[in-house]
Structures are given as structure tokens and as C-alpha cells.
Amino acid sequence: MSKKIQKILTDSCILFTIFVFIIYAAGYCFQQKSVTLALSGTAMLLATCVVLSIFRGILTYKKLPMAVRILAHYLLVLGSAFLAFAVIGNIVSTSIQSLIMLSVVTLLYSVFALAHAFLESKQDKNAKDAYTSMFKK
């Protein structure tokens with residue numbers, strides 16, 4: 001059990017670092033000044049990364065079809081993004097801002113989901129081409 005917790009925390013820390021770099025780069029590119037994160041915003045970002053790392057376990061659950069796994073993961077990611085931006089962070093306050101945020105999350109998710117589905121189908125194809133012995137004993 002501790003290996004699973006360690007994997008979740010490691011993945012969430014890596015994801016947190018990537019998100020922080022993206023936030024700072026976007027702030028520098030769009031505002032031409034440095035961005036500062038308050039402690040509450042940093043904690044919210046870290047909690048979101050932990051939740052996203054936990055939800056990643058759905059994608060590795062092989063008993064469900066790929067489409068069901070991706071749809072369930074998408075809904076959980078969309079819900080956590082809305083929770084983080086609208087409820088906890090009060091960043092999204094109007095319906096148009098919610099629509100834009102959900103559209104951006106959907107667009108980004110579709111790009112990454114297609115890449116993941118392509119890579120997993122390629123791995124399944126390689127697994128089916130396993131070696132079979134020509135010489136039977």
C-alpha cells in the first residue's frame with residue numbers, strides 16, 4: 001500500500017512542478033511581469049494535482065473498456081477542475097467564464113486522451129505479437 005501512496009505523491013509532485021512552470025510562463029508571456037502564487041493558491045494547486053494523480057488509476061483499470069475508462073476519467077477531471085477554479089479558488093464566477101474554462105479543459109483533455117489512446121493501442125498491438133515457438137516438444 002505504501003508503494004501506491006508513494007507513486008501517487010511522486011506523480012502529483014511532478015504534475016505540480018509542471019503546472020507551476022506553465023503558470024509562471026503564461027504570466028510572463030501574457031502580462032510581461034512575474035506571477036506570484038499565494039499560499040492558498042499553491043495549496044489548491046497541489047491538492048488538485050493529488051486528486052488528478054488519484055484519478056489516473058482509473059486509466060490503468062483493465063477490466064473496463066478503454067472508452068469507459070477515458071469517459072470516467074474525463075468526467076472526474078472536469079469535475080475537479082470546476083471544483084478547483086469555481087468553488088475553491090473563486091476564479092470562475094460567471095457562466096461564460098465557466099463555459100470557457102470547461103471548453104479549455106475539454107480541448108486539452110481531448111488532445112492528451114487521443115495521445116494516450118494511441119500509445120496504449122500501440123502497446124497492445126506489440127503485446128499481441130509475442131513470440132511463439134516453432135518447435136513444440
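Where is Ser-12 found? Ser-12 sits in helix H1, and we'll come back to that spot once the overall layout is clear. A note on ground rules: this is a predicted model, where local features need pLDDT of at least 70 and side-chain atom pairs count only at pLDDT 80 or more, while totals for chains, interfaces and linings use all residues. Residues are numbered from 1 along each chain as its sequence is written, and side-chain values use heavy atoms, with hydrogens and water left out.

## The layout

The chain has 4 helices and 0 strands, where helices (H or I, at least four residues) and strands (E, at least two) are DSSP runs numbered from the N terminus. Going along the sequence, you read α-α-α-α. Of the 137 residues, 23% count as buried; here buried means under 20% relative accessible area, exposed means over 50%, and partly exposed is in between, using a 1.4 Å probe and protein chains only. Contacts (heavy atoms within 4.5 Å) reach well along the chain: of those between residues at least 6 apart in sequence, 57% join residues at least 24 apart.

## Around Ser-12

Ser-12 counts as buried, at 1% relative accessibility. A polar atom of the Ser-12 side chain lies 2.9 Å from the backbone oxygen of Leu-9, inside the polar contact limit (N or O atoms within 3.5 Å; within protein, one must be able to donate a hydrogen and the other to accept it, and residues adjacent in sequence count only if both atoms are side-chain atoms). Leaving out residues up to four places away in sequence, Ser-12 touches Cys-49, Val-50 and Ser-53.

What about the cysteines? The structure holds 0 disulfides, a disulfide being a pair of cysteine sulfur atoms within 2.5 Å. For Cys-49, the closest cysteine sulfur is in Cys-13, and at 8.6 Å that is too far for a bond. Cys-49 is buried, with a relative accessible area of 0%, whereas Cys-13 is partly exposed at 44%.

Side chains of opposite charge can pair when their charged atoms come close. The count here comes to 2 salt bridges, taking a salt bridge as a side-chain nitrogen of Lys or Arg within 4 Å of a carboxyl oxygen of Asp or Glu.

| Salt bridge | N to O distance |
|---|---|
| Lys-7 and Asp-11 | 3.4 Å |
| Asp-11 and Arg-56 | 2.6 Å |

Lys-7 and Asp-11 are 4 residues apart in helix H1 (residues 2–31), so about one helical turn separates them. Together, Lys-7, Asp-11 and Arg-56 are linked in a network of salt bridges. How exposed is each member? Asp-11 is buried, with 17% relative accessible area. Lys-7 is partly exposed at 44%, and Arg-56 is partly exposed at 39%.

## The nonpolar core

A nonpolar core is a set of buried Ala, Val, Leu, Ile, Met, Phe, Trp, Tyr and Cys residues joined through side-chain atoms within 4.5 Å. The largest one has 12 residues in all, among them Leu-52, Leu-59, Ile-70, Val-92 and Met-101. Helix H3 (66–88) and helix H4 (95–128) each supply at least two of its residues, and H3 gives the largest share, 5 residues. Val-105 is another core member; setting aside residues up to four places away in sequence, Val-105 touches Val-77, Leu-78 and Ala-81.

The core also includes Tyr-74 and Tyr-109, and both are buried. The structure holds 1 aromatic pair, and Tyr-74 and Tyr-109 form it, tilted, at 5.3 Å centre to centre with 55 degrees between the planes. Tyr-74 lies in helix H3 and Tyr-109 in helix H4, so the pair ties together parts that are 35 residues apart in sequence. The rule behind this: rings of Phe, Tyr and Trp (its six-membered ring) pair if their centres lie within 6.5 Å, and planes under 30 degrees apart count as stacked, over 60 as edge-to-face and the rest as tilted.

Leu-71 counts as exposed, at 52% relative accessibility. Leu-71 and Ala-113 are 42 residues apart in sequence, and their C-alpha atoms are 9.7 Å apart in space.
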